Every structure is written in C-alpha cells, then in structure tokens.
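Please walk through the structure below with attention to its loops, its strands and one of its helices.

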Amino acid sequence: MKRKILNRVLGLALTGMMVLSVTACGGSGGGESAAESNAGGGESSAQEEAAPAEEKIVLDVINYHVGTDYAAEYYAYLFEAFQETEEGRNVEFRFEEIPTTDAFNQKIKLLISSGDLPDIVFNGGNNITELAAKSGKVADLTPYFEADPEWKALFDETSLEFNTVDGKIYGVPVSKEISYIYYNKELFEQAGIEAPETAFATWDEFFAACDKLKAAGITPVGMDTADSGWLTNLWMSALIGTAGEAGNTWMNSMYPTDFNTPEVEAAAETIQKMFEQYTTADAVGGKYDPMATHFFNGEVAMFPNGPWMIPDFSEAEKAPEGFYDKVGIMLMPGNGMEMVPTPGDMVGASEEEKIKAAVAFLKFETKPENQIKALEMTGLQPVSNDLEIPSELTESDPLMARVLEIQNEAQVTYGQNQAYWYQNTIDTFSTELPELAYGNITPQEFCGKLSESAKKNEQ
C-alpha cells in the first residue's frame with residue numbers, strides 16, 4: 001500500500017515538472033520579459049498543478065470473522081461499505097486474519113500483557129474489557145458517546161454499563177447475546193418424543209427425553225471442553241440460572257469468586273453426569289466445530305447455541321441439503337434463556353486521527369440499518385431495543401423469526417460464564433472440565449478450583 005501511495009505522489013510531481021517546463025518554453029517563444037513569464041507561469045502552474053494526494057489512515061485489525069466463520073460475509077461487507085462513506089473514504093484496513101475465536105482471544109490477551117493492540121479490537125466472546133482497560137492500551141470512548149447523543153441513544157444503560165470500567169466506557173456493544181436449544185425434529189420423532197412448544201417444564205422432563213433418545217440409539221446432547229468449553233458453559237449456565245432465586249441471582253452476578261455454593265456444585269454434578277451418559281465420545285477434549293458437525297450430520301439431537309448459528313443450517317459446506325427444515329428451537333428447561341449484553345469492540349489506537357477513524361467505523365457498525373443487516377446475515381441480535389424488524393423475515397427465515405418470538409416467552413433469564421466471569425476463571429473452567437468429566441475430581445473440587453482462580457483477581 002505504501003508503494004501505491006508513493007507512485008501516486010511521484011506521478012503528481014512529474015506532472016507538475018512538465019507543466020512548469022511547458023510554461024517556461026511558451027514564455028520564451030512569446031517574447032515576454034522574464035518577469036512577465038515568471039508571473040504568468042506561476043499563475044498557470046498554481047491552477048494546473050494537481051493537489052497532493054491525501055495520505056490514507058491505515059487501521060490495523062486482527063479479524064477472526066474469516067473463512068467459514070458465521071459472520072465472515074457480513075464483516076467483509078462492513079469493511080468495504082464503510083470505505084464508501086464520507087468518514088471512511090480515506091481509511092484503509094491492514095488485516096491479520098486468525099480463523100478461530102480461541103486463537104484470537106489468546107492473541108489479544110498476549111498483546112494486552114506485552115505488545116501493541118490493533119487499532120480496532122474486536123471482542124471474541126470473552127469478557128476482556130476490564131483486562132484491556134486496566135492495561136491502559138484501549139481508548140476511553142466516553143467523550144465520543146457524550147459528543148453524539150443520537151449514537152449513545154442506540155444503547156440501553158445495561159449494555160453501556162457492561163462495557164464500563166471505573167466510570168469510563170471502553171467497549172461499543174454490537175449485539176445482545178441470547179442462547180437456547182436447537183433440536184433435530186426428525187431425531188425426536190424417531191425416539192417418540194413430542195417436542196414442547198416452548199421448553200421442557202423441568203430438567204427432569206429434559207433428562208427423561210435424553211433417556212428416550214439414548215434408548216433409541218441417538219446421542220442426546222452436544223458438549224465440549226476445549227476453546228473455553230462454549231457448549232458446556234451454556235448447559236452449566238442454564239442449570240445454575242434456572243435453579244431458583246439463589247441460582248438466578250448468582251448467574252446474573254459479575255465476576256463471582258465463590259463457586260462452592262449449592263446451586264453451582266449441583267450444576268457441576270449434573271454436567272459430570274451429562275459427560276458420562278448423554279454426549280459424544282469426543283466431547284472431552286473436543287472443540288466447537290467438530291461438535292457442531294455432529295449436529296449438522298444428525299448425530300446429536302440437541303445443541304445449545306445462539307441465533308448466529310442459523311445461517312449455518314443452510315450452508316452447503318456445513319450442513320446437508322434440507323437440514324434447515326429439520327431444526328426446531330426451544331428454551332432451556334424451566335423456560336430459561338441466557339440473555340446478556342455483549343462485551344463490545346474497543347479501540348486500541350493511540351494516535352488521535354486513528355482513534356477518530358476507528359470510532360467512526362464502530363459508529364457505522366452499529367447504525368440501525370447495519371444492526372438489521374447483521375441480524376439477517378449472521379443472526380446477531382440487535383443491540384438496540386426499538387428497531388423495526390422487516391416483515392419479510394418470517395417468510396425468508398422462519399427460524400430467525402421464531403427466535404425473536406421465543407425471547408418474549410422466557411420466564412427466566414441469566415448470564416453465562418464467558419460474559420460474567422474473570423478471564424482466568426474461564427480458562428480454568430476449560431482446563432478442568434476434562435478432569436471433571438473423567439471423574440478425576442469431584443464437582444466440589446471442580447468448583448473449588450474455579451473459586452481459587454477467581455479470587456486471584458482480588459489480590
């Protein structure tokens with residue numbers, strides 16, 4: 001890119017030299033005095049010489065929305081469309097592509113501790129906002145929100161508060177996160193299970209269905225342990241969040257440090273049972289992508305996840321033809337649903353012009369029309385509450401339309417660990433899950449390790 005800019009500048013310089021040369025020759029041949037010639041030539045060259053090229057603002061971005069990522073196509077659109085706006089016409093992006101969220105999160109954490117963050121810091125699902133803010137390597141965005149009340153009004157107080165550290169806003173939330181259960185309607189029918197309209201009323205009913213599936217030779221649920229144990233995290237968060245008022249309060253608390261509570265220990269015990277009886281043999285040590293493939297291939301009946309997975313059901317490279325029509329949606333047992341604000345995108349730039357350019361991109365990313373486009377292309381739930389949802393969505397994407405409906409039917413909502421726990425505790429959760437699954441540690445010991453990890457942040 002630097003070579004292109006240099007060539008452009010050199011070309012303009014040569015053009016200017018040619019203009020001066022022609023002017024000088026014309027003055028001499030016309031019999032003008034030297035003073036007249038110089039005066040005329042100066043005026044002519046001032047008019048004819050092209051303005052110097054405006055130097056581009058180059059923003060470094062580490063992008064994990066690449067390859068087969070659910071939002072790769074949307075973010076490709078977003079970067080290109082931004083450069084067509086007045087605010088983005090002079091901006092170029094220099095990308096480093098990292099194809100998995102786990103590798104991305106590890107890279108960002110490494111750069112927070114030792115290195116320079118990219119100018120735009122996407123959030124890979126883990127709550128690194130506080131870690132990044134306290135490192136001093138991300139910009140305080142509060143002045144930009146205060147200077148643009150219309151932009152700030154797109155976000156509710158909860159979403160902004162979630163991205164605030166010590167009274168300063170560091171993250172721009174781009175969506176709200178919800179999750180529930182996808183289920184394979186054909187596999188339910190094979191096992192003689194009538195799927196509930198909204199959710200199994202209790203976890204006992206849920207596990208009774210698991211037993212029926214298992215008796216029919218069908219693996220009931222998808223789980224994992226690697227890459228932060230995303231799927232298992234969703235099951236455990238639901239078990240805690242629907243465990244009465246105490247469990248729900250705990251699962252809606254930021255940065256808990258005591259995991260040895262009756263509700264959390266009971267959830268860990270159930271997770272251990274699920275690994276032993278109801279999931280695939282490769283779940284222990286397994287990553288998300290292979291586990292998702294099990295669901296796409298009809299090898300697993302139920303799979304916890306969010307709406308961003310819906311486009312994959314029609315993706316020929318991921319799912320068999322017609323798979324979309326086999327999928328149903330239900331809430332977690334007890335009419336529970338994970339619903340949390342998301343850790344937002346941050347600005348790692350330090351130069352003022354780069355900070356302004358990065359903020360302009362984040363404003364563009366969260367424009368109402370782009371929130372709707374993100375919903376349609378990726379399944380990301382809009383962060384704004386009062387957006388008009390296109391009526392065509394029910395016809396074009398009935399599963400997505402059902403997601404928007406079922407949110408209003410949830411009787412219990414709660415958070416999940418990758419949003420509410422300390423980062424080192426999330427890591428401990430993932431590394432200790434295999435030990436719990438194999439029975440090498442008890443549920444109480446598992447929770448004790450989480451407590452020990454969390455309390456290190458108070459020292």
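**Loops, strands and a helix**

N335 sits in the loop that links β9 (327–330) to β10 (336–341). Helices here are DSSP runs of H or I with at least four residues, strands are runs of E with at least two, and both are numbered from the N terminus. This is a predicted model, in which local features need pLDDT of at least 70, side-chain atom pairs count only at pLDDT 80 or more, and totals for chains, interfaces and linings use all residues. Residues are numbered from 1 along each chain as its sequence is written, and side-chain values use heavy atoms, with hydrogens and water left out.

The phi of N335 is positive, about 60°, although N335 is not a glycine. Most residues other than glycine have a negative phi. N335 counts as buried because its relative accessibility is 15%; buried means under 20% relative accessible area, exposed over 50%, and partly exposed in between, with a 1.4 Å probe and protein chains only. Y255 belongs to the loop between α12 (244–251) and α13 (262–277).

A further loop residue is N163, placed between α8 (157–162) and β4 (164–165). With 0% relative accessibility, N163 counts as buried. Leaving aside residues up to four places away in sequence, N163 touches T129, K168, I169, Y170, G171, P173, T342, P343 and G344, where contact means heavy atoms within 4.5 Å.

Turn next to strand β8 (residues 300–305). Six of its six residues are buried, so β8 is largely enclosed by the rest of the structure. Strand β6 (residues 176–184) runs antiparallel to β8 and is joined to it by four bridges; two strands pair if DSSP finds at least two bridges between them. Within this pairing, Y182 stands opposite F303 of β8. Strand β7 (residues 219–221) pairs with β8 in the parallel sense, over two bridges. There, V221 has M302 of β8 as its bridge partner.

The last element is helix α15 (residues 352–365), with 14 residues. From its first C-alpha to its last, α15 reaches 20 Å, close to the 20 Å expected at 1.5 Å a residue; the expected span is 1.5 Å times one less than the number of residues. Ten of the 14 residues of α15 are buried, so this helix is largely enclosed by the rest of the structure. Among the buried residues of α15 are K354, I355, V359, F361, L362 and E365.
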